[in-house]
Amino acid sequence: MVSLASTNVYFLQGVSAVILLAILAFLLLAGVRGWRRYVITWLSLVLIILHYSVVITISRYVKVTVLPLILVEHDSYGGSLYVDYGQLAALTILVVWRKEISRAIKKLVDRFSTGRDGLEGTQSGGVGEGPAEEKSEQVHG
């Protein structure tokens, strides 16, 4: 049986911790404007990949339950709660790009809502509608 110590999980956890510190340093010291948003986004994506690589590796040895913002590890001695850094990194990406995401959603909603109105507005040919009916009313009086 392969032990958890023989895997690279501890190295990945250390790298994840350094990336998390880099993200926090960027957020606190540099802000999220301009090119810094891209750096934070890429660091967050790498953190997500590394974090869930660790979770997959650990899940070979203990039962892991993913809850909103929390990981629960169950083993023969009980359970342990951990913060799910992968979900926090995903939330960080959403917060950093919230204006762009909001604009994109608004454009989609506007496109779908005007698409329906546009189709309804182009339908014609009903009784009493259209320019031919207006002219006949004027002639007959």
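V54 is found in helix α2, where helices (H or I, at least four residues) and strands (E, at least two) are DSSP runs numbered from the N terminus. The model is a predicted one, in which local features need pLDDT of at least 70 and side-chain atom pairs count only at pLDDT 80 or more, while totals for chains, interfaces and linings use all residues. Residues are numbered from 1 along each chain as its sequence is written, and side-chain values use heavy atoms, with hydrogens and water left out.

With a relative accessible area of 6%, V54 is buried; here buried means under 20% relative accessible area, exposed over 50%, and partly exposed in between, with a 1.4 Å probe and protein chains only. Leaving aside its neighbours within four places in sequence, V54 is in contact with V9, L12 and Q13, contact meaning heavy atoms within 4.5 Å. V54 and L12 are 42 residues apart in sequence, yet their C-alpha atoms are 6.6 Å apart in space.

The buried residues of α1 are V9, L12, S16, I19 and I23. Seen down the axis of α1, its buried residues fall within an arc of 85°, so they line one face of the helix, the arc being that of the directions from the helix axis to the C-beta atoms. An α-helix has 3.6 residues a turn, so residues three or four places apart point the same way. On the other side of α1, F11, V18, L21, L28 and L29 are exposed. The cover over the buried residues of α1 includes α2 (35-58) and α3 (85-96). After α1 comes G31, whose phi is positive, near 85°.

The sheet comes next. Three strands form an open sheet in the order β1-β2-β3, and the pairing is antiparallel; two strands count as paired if DSSP finds at least two bridges between them. The edge strands are β1 (63-67) and β3 (78-83), each of which pairs on one side only. From one strand to the next, the twist averages 20°, with axes taken as lines fitted to C-alpha atoms, for helices over the stretch in contact, and angles running from 0 to 180 degrees between N-to-C directions. Helix α2 packs on this sheet and touches β1, β2 and β3, its direction making about 20° with that of β2.

The two pairings can be followed residue by residue. β1 and β2 pair in the antiparallel sense over five bridges, and V64 stands opposite E73 in β2. The hairpin of β1 and β2 has two residues between the strands, and in it L69 takes a positive phi near 65°, a positive value in a residue other than glycine. L69 lies in the loop between β1 and β2 and is partly exposed, with a relative accessible area of 36%. Strand β2 (residues 70-75) and β3 pair in the antiparallel sense over six bridges. Along this pairing, the bridge partner of I70 is V83 in β3, and H74 stands opposite G79 in β3. The hairpin that β2 and β3 form also has two residues between its strands.

Helix α3, which takes part in covering the buried residues of α1, has 12 residues and reaches 16 Å from its first C-alpha to its last, close to the 16 Å expected at 1.5 Å a residue. In α3 the buried residues are G86, A89, T92, I93 and V96. They cover an arc of only 115° around the axis, which puts them on the same side of α3.

A view of the whole chain places these parts in order. The secondary structure of the protein chain comes to five helices and three strands, and from the N terminus on the elements run α-α-β-β-β-α-α-α. Of the 141 residues in the protein chain, 21% are buried. Among the contacts with a separation of 6 or more, residues 24 or more positions apart account for 50%. The protein chain exposes about 10,500 Å², and carbon and sulfur atoms supply 65% of it; accessible areas come from the Shrake-Rupley method with a 1.4 Å probe, and for residues only the protein chains shown count as cover.

Conventions:
Expected span 1.5 Å × (residues − 1).
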